[in-house]
Amino acid sequence: YNGMIHPLRNVKIKGAIWYQGEGNVGRADRYRRLFATMIDGWRKAFGYEFPFYFAQIAPFDYGTQNSAFLREAQLQVLSQPKTGMAVTMDIGNLRDIHPKNKQEVGRRLALWALANDYGKDLVYSGPIYREQVLEPGAVRLKFAHLGGGLASRDGLPLSHFEIAGRDRVFHPATAKIDGDELIVCSEKVPRPQAVRYGFGNRVTPNLMNRAGLPASSFRTDG
């Protein structure tokens, strides 16, 4: 920061993009506060609230550390004003912590800027979990950023969904699109209470919107 950011504080910038987080997987519980504080600190140093867009870390085998908690922390930072997140759940490399397809990461970050800072009318985010509604034998999920509707990236049944009851034991679940919502269920969980999606390391889930932008991993029991 002292060598590369602070000297630029008197330069007028349009915004910032950020790609980092893999090294913080082991302290995901602190990352939301650290990351939000960093964004606030940069904005105070420059003297105005510029846009800050970042890439969510991609799936990778982190061993016993579950990177989904770090992705969750990044997702929560979207509550900060003028922030945006490019999801990379579908373009990662499970054997390479730094996925090669940086061009698509850049394109997705650019969509946030084009829509929010340059006035372009386009879809800039994949589906983001908003709320759940408990139903008899199922959970109904609602999302923001539908982008024309929910879809499967590969045309196969939606994958990497889990569901649990009050015992918090998660079982593989079936997810079906119902209009602009999802219905998630499992025969092993007759009275479901919570859902998780893509909540692991070596995952390649396929939920997206019809604009082709993937959904972030999430859990409703957080």
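**Exercise 1. What volume does the largest pocket have? Then work out what lines the pocket.**

This is a predicted model, where local features need pLDDT of at least 70, side-chain atom pairs count only at pLDDT 80 or more, and totals for chains, interfaces and linings use all residues. Residues are numbered from 1 along each chain as its sequence is written, and side-chain values use heavy atoms, without hydrogens and water.

Step 1. The volume is about 160 Å³. A pocket is an open set of points on a 1 Å grid over the protein atoms alone, with protein on both sides within 12 Å along at least five of seven lines; lining residues have an atom within 4 Å of a point. A volume is the space filled by probe spheres set on the points.

Step 2. List the lining: Glu-72, Leu-75, Gln-76, Tyr-129, Phe-218, Arg-219 and Gly-222.

Step 3. Sort by class. Three are nonpolar, two polar and two charged. Tyr counts as nonpolar and Gly as polar here.

Step 4. Assign elements. Helix H2 (68-76) and strand E13 (218-219) each supply at least two lining residues. H2 gives the most, with three. Helices (H or I, at least four residues) and strands (E, at least two) are DSSP runs, numbered from the N terminus.

Notes
On a 1 Å grid over the protein atoms alone, a cavity is a set of points where a 1.4 Å probe fits but cannot get out, and a pocket is an open set with protein on both sides within 12 Å along at least five of seven lines; lining residues have an atom within 4 Å of a point.
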